[in-house]
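Opening the notebook on this one. I want to go through the helix packing, the domains and the chain contact in turn.

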Amino acid sequence: MSEIPLVSELRAKFGEGIIDVNLEAIDEWVEVTPGVLVEVCQYLKEAEGFRFDMCNSITVVDYLHTDPKKAAKVDWDPHLELVYHLSSIATKLTLVLKVKIPRWKNGVEGDLPGVPSVAGVWSTADWHEREAYDLSGVNFLGHPHLKRILCPDDWEGHPLRKDYEMPLEYHGIRGR
Amino acid sequence: MATSKIDDPRVIEFDVRTDEMLINMGPQHPSTHGVLRLVLRTDGEVVSDVEPHLGYLHRCAEKIGENLTARQWIPYTDRMDYLAAMNMNLGWSLVIEKMLEYDLPERGRHLRVIISEMGRIASHLVAMGTYGLDLGSFTPFLYGFREREKILNLFEEACGARLTYSYLTPGGATADLPAGWTDKCRQFLAEFKEVVPELHTLLTTNSIFVSRTAGIGVMSAKMAIDYGCTGPVLRGSGVYHDLRFHGEERYTEMYEGYVFDVICADPETGKYPESNYEFHGDSLDYPEIPRQAILGDCWHRFYVRMLEVVQSVRLIEQAIEKYEATSGDWGKPIKLVQKLPAKEAYMETEAPRGQMGFYVVGNGDSIPWRVRARSSSFCNLSVTAPLCQGILLADIPAIVGSLDVVMGEIDR
């Protein structure tokens, strides 16, 4: 329950930037706008009493049903959700930050959506963001060298997108 | 290129310009622990830049997880850190149990402590042996594998497999330990305790080993945290953090009532805490820390693993007692097509190589909407580039080896 002062601090400091808070979830999470993400992270890392010095993982969840029948049944519009799992070695707290972004920039298919990079806050975010870019297709703005990390450089598409299709062939190797 | 005319030969000596050279190390290099490729930018013997290239073992296990049920994905976790597959099984099992709010019977908890600590010993033995190999010493490898073989025999008896176990599952384990297993395990521990001082004589204070590792690849505590390093790599830099003590309640309660130490040097004095553990009736005398060693260097990362092995022995001894004192159910696996609630859960456990995290998002179906594996080796490896700047070429295997990475887990 130590997260509650944290939420009020965040609300006081960032106001409109904090979109949603869920303290009933298995892991309490806070949703912020992409605009304040870096400032929130910087604050969480440095604020006395919280000190989230460790960024454990950065995950992108793709919310899209490729089946129109299933898509009609859900109450969300297609979007990407970035999930930042933070923890603190100093205070042993944990927190989940969420950011929602559209699946494509300005709705143009193939144009990767952007979100500010937090590689300047935690060095470990560098590789996590490269992985998220590689597998889920998110453009991290301000990242020092955003390029693929697990897939080859000439790989096409982003495999963890729900509408991804495995290529038929790659350099003469059969795909499907 | 020196093109100017110089009369004095001594001037030439200082004027010789060498070209920068790009060297490919790996992906088939024996000291890169699998298929890691390092592109080194060198000037003579001095390395100015290292860029790791990963992905040679990438099979997008996370995407596969979006097409299988929680229990069906267990074998894929085996193939992540294949040197500590039991600990990978445990991490995934715990996150699914957290999501389902399932509480394991007490007997199952002790069983898991026995199995996961045995896995830690086996993994650290390989770490020790291959680190010796990296630095040109073959003997520790044989000694390490000889002991590991005995653990694998025990694992084989418990679950039928020697490398990819799929033994611990969400809900408990696939089977209870067979009759007479704990006696064999006790026998192993008694033998292993004799061997630990022997293992220390091979490398720990060996002067060649010390000069190859002490003072090399020094990582400050701040840097280790910033790069997300965990496990022995983090504790080798003097950060007192072990999820078995400091993790989530669901994980720490597994170790409730157990007595063991977190192996971590005091950053002030550089000394490791005195162990009060009775080893052969008297306390084990660990080898002295060589004076060349600096907190956070390769030698300390190695030493932390060597001491952790003893703590694991200590834990298993207690766990066997507790396991035998409890009777009843050890926890049956959940249904193969168990539906997952529309919730999400994240959990990290202390695997031998660091904090292994699993994240799962459910949508009411038995197949998860998204699974994610946060790999400890992945984060530990990300520190190589800053650590390897300005060092000698021959120190690269020493640094990469001390991080003890497993590529199966990095590439997933």
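How close do the axes of helix α7 and helix α13 of chain B come, and at what angle do they cross? I'm working from a predicted model here, so everything below is read off that prediction.

**Entry 1: a helix pair in chain B**

I looked up α7 (residues 181-202) and α13 (residues 298-325) of chain B: their axes come within 11 Å and cross at roughly 165 degrees. Angles over 145 degrees count as roughly antiparallel, so α7(B) and α13(B) get that label. The handedness of the crossing is left-handed.

α7(B) brings B:T182, B:C185, B:R186, B:L189, B:F192, B:K193, B:V196 and B:H200. From α13(B) come B:M306, B:V309, B:V310, B:V313, B:I316, B:E317, B:I320, B:Y323 and B:E324. Sorted by class, I get eleven nonpolar, two polar and four charged residues.

**Entry 2: domains of chain B**

I then checked where they touch: 13 residues of domain 1 are in contact with 15 residues of domain 2. On the domain 1 side, the elements giving two or more residues are β2 (37-43) and β3 (46-53) of chain B. β3(B) gives the most, with six residues. That side of domain 1 has five nonpolar, five polar and three charged residues.

**Entry 3: where chain B meets chain A**

Which element of chain B gives the most to the side that touches chain A? First the totals: the contact takes 30 residues from chain B and 25 from chain A. I listed the chain B elements that give two or more residues, among them α2 (61-65), α4 (85-100), β9 (354-361) and α14 (376-381). The top contributor is β8(B), with four residues. By class, I find twelve nonpolar, seven polar and eleven charged residues on the chain B side.

**Entry 4: chain A on its own**

I counted four helices and nine strands in chain A. Along the sequence they run α-β-β-α-β-α-β-β-β-α-β-β-β. The C-alpha atoms fill a box of roughly 55 × 40 × 30 Å along the principal axes. Of the 176 residues in chain A, 35% are buried. Last, I checked sequence separation: among chain A contacts between residues at least 6 apart, 50% join residues at least 24 apart.

Methods
Residues numbered from 1 in each chain as written. Chains lettered and ligands numbered in written order. Predicted model: local features only at pLDDT ≥ 70, side-chain atom pairs only at ≥ 80, totals over all residues. Contact = placed C-beta atoms within 7 Å. Nonpolar A, V, L, I, M, F, W, Y, C, P; charged D, E, K, R; others polar. Buried ≥ 20, exposed ≤ 12 C-beta atoms within 10 Å, placed from the backbone. Axes fitted to C-alpha atoms, helices over the stretch in contact; angles between N-to-C directions. Parallel < 35°, antiparallel > 145°, perpendicular 65-115°, else oblique. Left-handed = near helix turned anticlockwise from the far one by under 90°.
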